[in-house]
Each structure stands twice: as C-alpha cells, then as structure tokens.
Amino acid sequence: MSLTTHVQQRRIFEAEDVFFSVTDPKGVITHANETFLRLAELSAAEAIGSPHNVIRHPEMPGGAFRLIWDELGEGRPVCLYMANQARDGLRYDVLATITPIDGGYLSVRLRPGVSELETAVFTAYEAAVAIESTQRAGGASRHEAAEDGSTALLAQLHELGFSSLADLTRHVLPREIEAFLASVPPAAPAPTAGALGSVLASTATIARSITPFVSRLGDYEQLAQRILAERASIAPAIAELTDLAAQICRVGELLDPVAATAHSTEITELAELTQRMIGWLNDAIAGFEALPAKLEPLQVALRDLALRTSMFVLLNHVLGQFTAEVIASGQERGTEVRLLHGALNHSLVQVEVEVESVKDLLVDIPQNVETTVRSADKVMLRADGWNDRLIAADLGPDGAEIGALSTAVRAEFARRMKTQYEIVGLSARLRQTPVRFETAEIREQLQHISAGVASQT
C-alpha cells in the first residue's frame, strides 16, 4: 500500500471527527454515528445490516484482519492504523480501536496523530500485501493468503520492535490519545437540561477527574522502558556472585576435611560459616535469576494500565460527543447511549484491575530485591572476619591455598557487589512510583450517567 497516494484521492477529516460503529459477533454493523456515515458516504439504511468490511480499503492486507480477530477472540482490545474506503472510492486513514462488548464489538476511530507510527505500520502492510498477492496469484484461497499475510505482518512488526499486535496496541493507543487530547482538549459543555444534559455534564466531570492520572501515563511508559534497559544488569550481577560462590565453595572443599579431623572448635565453626556463606550467595543468585520473570509482568502491566486508561478516556469522550449530537439532533438514540455507557463502565473496571496489579508488583518486586541483596550483604559483612580467622587458623598443608582464596574473596567482594547497585536503584524507583487513581468521583458520575441512560428506555 503506497503512502504517496494523491491527496485528491483522500478524504480529509478533522481531529474532532471521532466516530464509532457497533457490530454483532460476526462483524455486521448494528449501530453507527453520523460521522461514521458521513465519512463512509453511506446512509444509515445502507450501513446497518452490512458487514463492516463495506468500508475496507481493497489494499488492506487480509493478514491484518486475521490478527485483529485473533486478539478479539482472546477478549483483548485492538488498536491499529487502517485505510478505509468510502462508497465514492475515496480513501481515509484512521486509527481504529476495537474492543469486545456484550453482544459484539465497539469500534472507535480517530484521525491518526502520531505520524511516525502510522507511517511505520502502513509500510509494514506493504510487505504483507505483496505476500498475499503472490499467494493468490499462485492459487491460494483468500483465507490461506491472509494466514501467510498475518505471518509476514508479524515479522514486520517484530522488526519495528513489537512482539505482537497486543504489544503494538499497548504502545500506540496511549501515544495517540496524548496527541488527540493535545489537538482536542476537553471543553466544558454548555449547560443542558434533562437527563441527557446530565449525561453530558458527567462525561465532562469525568474528563477533568482523570486528567491528573492521564498526565502520569508517560512516566509509566518511561519506567517500562527503564525496566527493559536495566534488566541487562541482572546477568552481570549473577555472574559476579556465581564466581564468588565458586571461590567460597573451593574454600569449603578444602576446609571440610580439615574440620573433620582436626577436632578444633574454631575450624568447625569456620567450616560451618563457610557453608552458610555459600547458602546465602546461592539464595542471592536464585533471587536475581528469578527477577526477570517478575520484571516482565510489571513492564506489561504498566503498559496495560496506560492502554486501559487511554481506552477509558476515549470512550468517555465518545459518549460525551455522541450525547451532544443526540441532544442537538433531537433523535431517539437511547440504544447507542446505553451501549457506550456499558462500554465505559466496563472500561473503568479494567483500569481498576490494572491499577491494583501494578500496585502489587511495585511492592512485591522491591521486597524481593531487598531480600536478595540482604542475602549477599550477609556474606559481605562477614568476609573480613572470615578471612582473618582462616589466615590465623592452623589449617595444615592446604592452609596457604585456603588463605589465598579467602583473601581474594575479601578483596573482590565490594567490587563485585557494585553490579547490584543498578538493580537496587531500579528497586528504589519502583518503590517511589506513585499509582494513585481515585475512582470515587468517577463512580459517582457514572451513576449519574446510568440514571440518565435509564431515562432513555
């Protein structure tokens, strides 16, 4: 798909033109707002009951839709750049956000606002389109070509740094919502009487309430990136501690036979201390080895929190915008208002779940790091006295080697422990990361919306 399509062949729309559609589980359109119909050049009668691919641009790769359906089938939202085609043949590019709802799917579409991401994804489509065209020319079915196209598209996404469509969704939507809010800042609605006026006012209050939390989403993304970067410091820390443990193990191998025959309380205590030091180091090594498996869920959870929050912001905006359209038109559109309210309410629940997940991990990981470091510190605090006592003890023929090994451990321990400092620093940053999402006012406003929606039955 060429991104150099002439502007004359494009339908241009404004950032304010947010539009949505609802489909049944098979992708048949059941509801659409006026902006959707206007951009698609369709009447309500033409759109309702038609498959959603009525607006599919013919050069969109089938593999993209295959990946979308796979994600939706797992109950996950999808955010992807798409080329649509109106009935008059004009192309209009959108950022499509699709989320499962009761009885089908809700698709909210925006004007793309992050050009470098949009360009990268559309360029990735070109490879998938080429693969599918070749496969179809060779006799493959549309389904088979789409399967190969999805594989090719995933490979392209990997080259862009995204492990999956879910990973791309986590990255794209928060950035696009940030760009959207910069282009279309929330505006205070004019006071409007009646139940729908209450709905409109509540969406504006929710937008103001969530703004402080949304402003921190960029910090969470930076922390997710920092986690990825500092995970690289874990392997050197493990290597340093493993080498120290090997040296102390060698001391133990030489010391244990001496302790068994010398009948010396001092040597027996030294042998026991040596084994405890080995155990503490092994505990520290095990703790650091387990850390990547804990950091990865946090990295994902931070991005999922940003995704779910961005989705909530978007749905709240759409509900407010659509309610304003219904008030202005005087139409009866209670079903759509109820659907959007249900999606918004469910979205808040998902945000709350992600907030708790992030909070738990932000407590659990620092505790694990601190426990791990304490195990290594136990060895460091005893290394000097352990070495002095070994040198002073009568250890027979192996005494010189034991002394040399313990002296080397003593001399190197502090230097080798430096590899843990970055991990400790990351742990401190995690502990200091604020995740405060107050939902009491939002919940109150959702109750006002629910009452207003109920009046539309």
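Is E46 buried, partly exposed or exposed? E46 is partly exposed, with a relative accessible area of 33%. Keep in mind that the model is a predicted one.

E46 forms a salt bridge with R87. The closest N and O atoms of the two are 2.3 Å apart. E46 sits in helix α2, while R87 sits in the loop between β3 (78-85) and β4 (91-101), so the pair ties together parts that are 41 residues apart in sequence. R87 has 53% relative accessibility and counts as exposed. The general idea is simple. Side chains of opposite charge can pair when their charged atoms come close.

How many salt bridges does the structure hold? The number is 28. Take R333 and E34, whose side chains meet in a salt bridge of 3.6 Å, N to O. R333 lies in the loop between α10 and α11 and E34 lies in helix α1, so this pair ties together parts that are 299 residues apart in sequence. R333 is buried, at 12% relative accessible area. E34 is partly exposed, at 41%.

Next come two helices. D364 forms a salt bridge with K294, and their closest N and O atoms are 3.8 Å apart. D364 belongs to helix α11 and K294 to helix α10, so the pair ties together parts that are 70 residues apart in sequence. D364 counts as partly exposed, at 30% relative accessibility. K294 is also partly exposed, with a relative accessible area of 25%. Elsewhere, salt bridges link E240, D243, E412 and R416 in a network.

Which charged residue is buried yet has no salt bridge? That residue is R308, and it lies in helix α10. The nearest side chain of opposite charge belongs to E354, 4.6 Å away. A salt bridge needs a nitrogen within 4 Å of a carboxyl oxygen. R308 does have a polar partner. Its side chain makes a polar contact of 3.1 Å with the side chain of Q350.

The side chains of S107 and R109 are joined by a polar contact of 3.0 Å. S107 is buried, with a relative accessible area of 6%.

R276, R374, K378 and R382 form a positive surface patch. Which helix gives the most to the patch? Helix α11 (residues 334-392) does, with three residues. R276 is found in helix α10 (residues 265-329). R276 is partly exposed, at 43% relative accessible area.

The loops deserve a look too. E41 lies in the loop between α1 (34-40) and α2 (44-47). Its phi is near 60°, a positive value in a residue other than glycine. E41 counts as partly exposed, at 33% relative accessibility. H263 has a positive phi of about 55°, although H263 is not a glycine. H263 is found in the loop between α9 (234-262) and α10. With a relative accessible area of 73%, H263 is exposed.

One more loop residue is P58, in the loop between α2 and α3 (62-73). P58 is exposed, with a relative accessible area of 60%. P58 and R91 are 33 residues apart along the chain, and their C-alpha atoms are separated by 10.0 Å.

Technical notes. Residues numbered from 1 in each chain as written. Predicted model: local features only at pLDDT ≥ 70, side-chain atom pairs only at ≥ 80, totals over all residues. Heavy atoms only, no water. Patch = residues over 30% accessible without salt bridge, like charges linked within 9 Å, V, L, I, M, F, W, Y side chains within 5 Å. Areas by Shrake-Rupley, 256 points an atom, 1.4 Å probe, with all protein chains shown as cover. Lys, Arg positive; Asp, Glu negative; His and termini not counted. Charge placed at Lys NZ, Arg CZ, Asp CG, Glu CD. Helix = DSSP H or I, 4+ residues; strand = E, 2+ residues; numbered from the N terminus. Buried < 20%, exposed > 50% of the residue type's maximum accessible area, 1.4 Å probe, protein only. Polar contact = N/O pair within 3.5 Å; in protein donor to acceptor, adjacent residues only side chain to side chain.
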